[in-house]
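Colleague: I would like a close look at a single part of this model, at the level of individual side chains. Please take me through it one residue at a time, and tell me what each of your terms stands for.

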Amino acid sequence: MTVYDWLVSLWRTVVPTIVGFAGTALAHIYIAVDQQALATALMAGFVTVYYGLFRFLEARVSRKFGWFLGLAKPPTYPTPPRAPTNPEG
């Protein structure tokens, strides 16, 4: 994996986390429960749903949906070279 691909994968993880944080902050305005429990649950939920939705849309509808993850191009992971087969068994 190149440095660029590593940075792309990192960025595409950070953007949903930021969106999850913003969603959690907005939910605090309308829901009055234990702050720590709510923040933990909502952050995980928002990030998971957000990332899953836009990865699905990117793969099935249009690569342009990748912009909602920070970049419209998912990282590429080269396939490792296959080990040579031994014809003698």
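Modeller: Let's begin with Trp-11, which is partly exposed at a relative accessible area of 41%. Here buried stands for under 20% relative accessible area, exposed for over 50%, and partly exposed for anything in between, with a 1.4 Å probe and protein chains only. Please keep in mind that this is a predicted model, in which local features need pLDDT of at least 70 and side-chain atom pairs count only at pLDDT 80 or more, while totals for chains, interfaces and linings use all residues. Residues are numbered from 1 along each chain as its sequence is written, and side-chain values use heavy atoms, leaving out hydrogens and water.

Trp-11 sits in helix 1, which covers residues 3-30; helices are DSSP runs (H or I) of at least four residues, numbered from the N terminus. Trp-11 also belongs to a nonpolar surface patch of about 680 Å², together with Val-3, Trp-6, Leu-7, Leu-10, Val-14 and Ile-18. A nonpolar patch joins Val, Leu, Ile, Met, Phe, Trp or Tyr side chains within 5 Å, from residues with over 30% relative accessible area and no salt bridge. The areas come from the Shrake-Rupley method with a 1.4 Å probe.

Next comes Arg-12, also found in helix 1. At 2% relative accessibility, Arg-12 counts as buried. What does the Arg-12 side chain meet in a salt bridge? Its partner is the side chain of Glu-58, at 2.6 Å from N to O. Arg-12 is in helix 1 and Glu-58 in helix 2 (residues 35-60), so this pair ties together parts that are 46 residues apart in sequence. The term salt bridge needs a side-chain nitrogen of Lys or Arg within 4 Å of a carboxyl oxygen of Asp or Glu.

Glu-58 is buried as well, with a relative accessible area of 5%. It also forms a salt bridge with Arg-55, the closest N and O atoms being 2.5 Å apart. Arg-55 and Glu-58 are three residues apart in helix 2, so about one helical turn separates them. Arg-55 itself is partly exposed, with a relative accessible area of 30%. A search of the whole structure finds two salt bridges, and Arg-12, Arg-55 and Glu-58 are linked in a network of them.

Contact here means heavy atoms within 4.5 Å.

Further along, Thr-24 also lies in helix 1. Thr-24 is buried, with a relative accessible area of 5%. Which residues does Thr-24 contact, leaving aside its neighbours within four places in sequence? They are Ala-39, Leu-42, Met-43 and Phe-46. As for Ala-41, it is 17 residues away from Thr-24 in sequence, and the two are 8.9 Å apart in space, C-alpha to C-alpha.

To recap, Trp-11 is partly exposed, whereas Arg-12 is buried and so is Thr-24.

Technical notes. Patches are made of residues with over 30% relative accessible area and no salt bridge: like charges are joined within 9 Å, nonpolar side chains (Val, Leu, Ile, Met, Phe, Trp, Tyr) within 5 Å. Helices (H or I, at least four residues) and strands (E, at least two) are DSSP runs, numbered from the N terminus.
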